[in-house]
Amino acid sequence: MKIRINQNELNKSINIVQKAVSSRTPLPILSGILIEAKNNMLILTATDLDLGIKTYSPCVIEEEGSIVVQARLIGDFVRKLPSNSYVNIETMENNNIEIKCLNSEINILGNSAAEYPDNTFDNEGSSFPIKSESLKNLIKYTNFAAAQENIKPIFTGCLIEIKNNICTFVALDGYRMAVKKEVIEYGGEVSVVVPSKTLLEILRIIEENKGNTDIVVSESHISFKVDNTIIISNLLDGKFIDYEGIIKDNYVTVVTASTTDIRESVERASLLAKDDKNNLIILDIKNDNMQINSASEYGNVEENLSIKKNGEDIKIGFNSKYILDFLKVIEDENITLNLIGKNNPCFINEDNKQDYIYMVLPVRIS
């Protein structure tokens with residue numbers, strides 16, 4: 001293999017696939033990136049056998065070829081090269097690879113590409129496009145609520161459900177649940193659970209994309225194609241919870257508040273709440289005022305907000321982290337808190353919007 005490629009392109013491609021490199025693996029070769037040069041394209045592939053990422057970059061090829069290179073080494077070296085310079089890559093005997101750029105040169109001992117797992121990116125199943133902006137919203141508004149670790153692995157993923165041209169994403173961890181809907185141009189039906197780790201990488205990759213992302217769902221895998229990158233992931237096995245049965249509307253108190261005001265107040269109150277194992281903040285809602293309190297052995301915080309309230313006065317406690325996670329993704333000027341009682345779930349959404357709902361369980365207070 002002998003190629004020439006722009007440093008920016010190479011660095012971007014390495015950064016994309018590195019997220020699928022396995023840090024702990026019984027197969028040492030999975031700590032590397034498969035580099036292939038063919039058809040005027042440099043193709044980089046990485047996989048941990050659950051998640052795989054492949055990306056294509058244009059380059060000048062003098063000689064086609066392939067090799068596996070330790071991801072951290074090549075990533076760190078290329079990142080530190082001058083921006084917009086040109087990088088020359090050549091494979092030598094005994095799986096050595098030589099990388100030159102201006103006055104810099106590194107030689108790395110690689111592995112034969114033949115040893116790399118034959119991880120297919122040809123996923124056959126139901127195929128449909130989705131606007132990248134819609135996909136971005138679906139992930140951003142839900143993925144943070146998925147469990148990080150759980151005795152039920154199914155909750156470490158996000159449910160993707162499509163019915164009647166509506167795509168719904170659902171994530172929950174036992175203490176809160178996020179449900180987001182977007183209209184899409186696909187009349188089929190889909191119901192799969194995708195690891196939250198996969199969706200986080202999708203979000204990073206589509207960040208700047210204004211076009212479409214093509215999704216293919218099979219019985220065991222889901223793949224996303226955006227621009228010159230393909231991401232493929234295993235699906236999670238198991239039955240997801242009946243999320244629709246959790247959503248209630250028998251509210252006794254409905255509160256509308258400024259998103260910015262409540263976010264800033266909860267952030268200040270959470271400074272002391274962190275000393276409590278439940279990150280406890282207490283909302284004391286009376287008339288047109290919401291008082292937010294938190295306390296620890298170091299002191300106490302009291303915040304007062306002007307609100308609009310319908311229904312009963314109520315005093316209720318929450319884990320401040322769960323409230324802040326929601327407030328950090330909201331872009332609407334106002335939010336609505338729909339309360340059923342001090343010991344029942346609270347349903348929060350953007351003011352007058354029905355396409356997103358966030359449920360959080362309260363913390364019992366004496």
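**A walk through the fold**

The protein chain has six helices and 26 strands; helices (H or I, at least four residues) and strands (E, at least two) are DSSP runs, numbered from the N terminus. Keep in mind that this is a predicted model, where local features need pLDDT of at least 70, side-chain atom pairs count only at pLDDT 80 or more, and totals for chains, interfaces and linings use all residues. Residues are numbered from 1 along each chain as its sequence is written, and side-chain values use heavy atoms, with hydrogens and water left out.

The C-alpha atoms fill a box of roughly 75 × 50 × 35 Å along the principal axes. Of the 366 residues, 53% are buried, meaning under 20% relative accessible area with a 1.4 Å probe, protein chains only.

Now look at helix α2, residues 71–79, where Ala71, Ile74, Gly75, Phe77 and Val78 are buried. The buried residues of α2 pack against α1 (7–18), β2 (32–38), β6 (65–70), β8 (96–101) and β9 (104–109); a contact here means heavy atoms within 4.5 Å.

β2 runs antiparallel to β6, joined by six bridges (strands pair if DSSP finds at least two bridges between them), and Ile33 stands opposite Val69 in β6. β2 is also antiparallel to β3 (residues 41–47), through five bridges, and Glu36 has Ile43 in β3 as its bridge partner. β2 and β3 make a hairpin with two residues between them, and Asn39 in the turn has a positive phi of about 50°.

How values were computed
Buried means under 20% relative accessible area, exposed over 50%, partly exposed in between (1.4 Å probe, protein chains only).
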